Amino acid sequence: MKGRDKFKDWVGVFQKSLIDAKTENVDIFFDEHKNKVVSRWVCSGKNNGLFGLSPDQRFISFTGIAIWKVDGNRLAECWVERSSYELYRMLLDGTKDAKFV
């Protein structure tokens, strides 16, 4: 996805799918120029239909890592990896220990 407006749209949809969303940074570090920042995080909230699945309001959490490029004190680029597959399997199976294939 490219563009500030598309990113804002995605955030809006995500926030509707995860009620009371909270993201806690576990680690944050940056390069010597402070123009690349890395965060390892845990996100939690209540499932309100993530991945188009049933909005069962179950408390969930998942982990991820984000790398941000900063230019002129503004977010210029963002790359995110999150444990989406594991979360999807957990929501399908109804367990926290869904096996990774």
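This is a predicted model: local features need pLDDT of at least 70, side-chain atom pairs count only at pLDDT 80 or more; totals for chains, interfaces and linings use all residues.
Partly exposed here covers relative accessible areas between the buried cut-off of under 20% and the exposed cut-off of over 50%. Arg 40, at 41% relative accessibility, therefore counts as partly exposed.

Five salt bridges turn up in the structure. In one of them, the side chains of Arg 40 and Asp 27 meet at 2.7 Å, N to O. This pair ties together distant parts of the chain, with Arg 40 sitting in strand S2 and Asp 27 in strand S1, 13 residues apart. Asp 27 is partly exposed as well, with a relative accessible area of 34%. Another bridge joins the side chains of Arg 58 and Asp 56 at 2.8 Å, N to O; Arg 58 is partly exposed at 25%, and Asp 56 is partly exposed at 35%. Then there is Arg 89 with Asp 93, at 3.3 Å, N to O. These two are four residues apart in helix H2, so about one helical turn separates them. Arg 89 comes out partly exposed at 25% relative accessibility, and so does Asp 93 at 38%.

Helix H2 (residues 84-93) also has its buried side: Ser 84, Leu 87, Met 90 and Leu 91 are buried. Looking down the helix axis, these buried residues fall within an arc of 125°, so they line one face of H2. What they pack against is strand S2 (36-47), strand S3 (59-71) and strand S4 (74-82). Just past the helix, Gly 94 adopts a positive phi of about 75°.

Two loop residues are worth a look too. Ser 83, in the loop between S4 and H2, is buried, with a relative accessible area of 15%. Leaving aside residues up to four places away in sequence, Ser 83 touches Phe 62 and Thr 63. Leu 50, in the loop between S2 and S3, counts as buried at 6% relative accessibility. Leu 50 and Phe 14 are 36 residues apart along the chain, yet their C-alpha atoms are separated by 7.7 Å.

Finally, the largest pocket holds about 910 Å³ of space. Of its 26 lining residues, Phe 7, Trp 10, Val 11, Cys 78 and Val 80 are the closest to the centre. Helix H1 (4-17), strand S1 (18-30), S2, S3 and S4 each give two or more residues to the lining. By class, that lining has 16 nonpolar, five polar and five charged residues.

Key: Residues are numbered from 1 along each chain as its sequence is written. Side-chain values use heavy atoms; hydrogens and water are left out. Buried means under 20% relative accessible area, exposed over 50%, partly exposed in between (1.4 Å probe, protein chains only). The arc is that of the directions from the helix axis to the C-beta atoms. Contact means heavy atoms within 4.5 Å. On a 1 Å grid over the protein atoms alone, a cavity is a set of points where a 1.4 Å probe fits but cannot get out, and a pocket is an open set with protein on both sides within 12 Å along at least five of seven lines; lining residues have an atom within 4 Å of a point. Grid points are joined across faces, edges and corners, and a volume is the space filled by probe spheres set on the points. Ala, Val, Leu, Ile, Met, Phe, Trp, Tyr, Cys and Pro count as nonpolar, Asp, Glu, Lys and Arg as charged, and the others, Gly among them, as polar. A salt bridge is a side-chain nitrogen of Lys or Arg within 4 Å of a carboxyl oxygen of Asp or Glu.
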